[in-house]
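Please find below my note on the model under review.

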Amino acid sequence: MRTGAQLLVEALKANGVDTIFGIPGIHNLAVYDALVDERALRIVTTRDERGAGHMADGYARATGRPGVCLTVPGPGVTNALTAIGEAYADSSPVLLLASQLPSATVTMDREDFHQLRDVEAVLASVTQWGVRPARAEDIGQAVDEAFRRFETSRPRPCYLDLPMDLLSAKVDALVPAPKGGRNRGTSGVLPVGDVCRAVDALMEASRPLLLVGGGAWRAAESLQELVQRLSIPVVMTSSGKGIVPEDHPLSLGDGWMAHQLGREALEQADAILAVGVRFGPLTTSWWTRQISGRVIHVDIDPTEIGKHTPASIGIVGDAKQVIEALLVQFRDRDVGVRRPWLDVIAVRERRRAAIRARAPEAVATLEGLRRVLPDEALVFNDINGIACWGAGAFICRRPRTFHYPIGFGCLGFALPAAIGARLARPDVPVVALCGDGGFLFSGHELATAVQERVPVVAVVFNDDAYGTIKADQSYRYPARSLGSDLRSPDFVRYAEAFGARGCRVHSVEKVPEAVAAALAHDAPTLIEAPCPQALPPWIEIEG
Ligand SMILES: Cc1ncc(C[n+]2csc(CCOP(=O)(O)OP(=O)(O)O)c2C)c(N)n1
Ligand SMILES: [Mg+2]
């Protein structure tokens, strides 16, 4: 006999979980009890549930494996909601274990302690699936179902709503064996006809383009072969950065909004192979790009195909599987010697020059960081005066090494996500790039980094303002500034108060050097730096 909580822990372990980020409360103590003697599963206590959610997201981004967070009901769930919303928008597999009031109370409107009315409705907008098991015996299957979904469909968050009586109940259930070797992709069988039509369309095209999003990361090697074989220029989205090395001669790279040089290729192309990309606002300049070429859209999520941009050919499936199927055909055909139809490097250089003209210090800082960070280092960004230039200015050579809260855009993501990532990947340097405003949304998670000995490096670019918004405000409402000035703390003393290392550089050019020095220490470090001023990239200036 074991408790429902023990069954939960067994099922998590059977699915490869080794870390849970969370906060204890009266409703989930049975889970903590089940973890007391558990050596294979580490519990990381965070300073609010949002931190736990972002850490689980960072863990998932760094490993490709689902991240897990645990909360109390009610305020624990609503605190986690922002982080789960970011993971949802960015297709990051996070499992939220929300504990719950006793089964009998859940559906009664009793206004009980921690009661959140209609939690299913609250969570439905930020998760792909969730369940409240009816019996303790069902907990193992529920865990397994969540992992099955992560593996076989678009990896968006799932939740389990776990009533406290089920967690303490004694059960006789066996742990379901996880169904190993699952086939990614909805059916595992690809539509051969569509694959052939896609190959024909790409062969016939005179201006083919590859558009790569975050959903394509597992297909990186095959995509690189495809680029080489077809001499096809490639545009990457921010989530897809580095799937093809951005300094590859055929890479048009990434770049949002005002520095979207390269995205015009979407309009010039007569065939676009779009892989794991949702044609979101940054990719399509808020859906203003006039795309007239034939779109071959590959995505694991059938609802994505043709959603924002009509597709001539839609292929539902796992990116790796589909691209490999295309390659098999290209290897069999004589594709001849093809020349790229676009002077990719010239476009890239024009973009670099345009960004540099707009934000010279930000670009220099990002270039300096690139020089001191190895290719495998993971960079986590908030939305701020430096990070928003990173899309175009920070060259990635590996997939999933540069992370934005790109879909939902929430401040306070970078530090906790970086902590989760570094905890999961002690082998690589992890750096968070924050503004003074965004950092304080979750800066208290430095306490978690210190307690758990996670040597993450956070750079805080301080301009005593919600600076990018202040710049936007002064541009759109000249001399009518309100609400965007801040009186920020002394961040060095702030860091030291948590027991972290703190240091300050007085010019932004010194940031790369300070980061390199911080990486040599085995402790969390905060570097405070001045924040370069520039109009944010989403403001288009004429000329
Ligand atoms: C949760 C959340 N609230 C508000 C915003 C709006 N917002 C976007 S950037 C920004 C300013 C960020 O300030 P800071 O972190 O200091 O960076 P800076 O722009 O000054 O470089 C704000 C308030 C947001 N993106 N997310
Ligand atoms: Mg600021």
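1. The model is predicted; local features need pLDDT of at least 70 and side-chain atom pairs count only at pLDDT 80 or more, while totals for chains, interfaces and linings use all residues. Residues are numbered from 1 along each chain as written, chains are lettered from A and ligands numbered from 1 in written order, and side-chain values use heavy atoms, without hydrogens or water.

2. Six strands form an open sheet with parallel pairing, in the order β3-β2-β4-β5-β7-β6. Strands (E, at least two residues) and helices (H or I, at least four) are DSSP runs numbered from the N terminus, and pairing requires at least two DSSP bridges. The edges are held by β3 (42-45) and β6 (129-131); each has a single partner strand, so one side of each lacks a neighbour in the sheet.

3. Strand β2 (residues 19-22) pairs with β3 in the parallel sense over 4 bridges. Within this pair, F21 stands opposite V44 in β3.

4. Helix α16 (residues 414-424) is largely enclosed by the rest of the structure, because 10 of its 11 residues are buried. Buried means under 20% relative accessible area (1.4 Å probe, protein chains only). Among the buried residues are P416, G420 and R422.

5. D436 and D463 are both buried.

Note on methods. Buried < 20%, exposed > 50% of the residue type's maximum accessible area, 1.4 Å probe, protein only.
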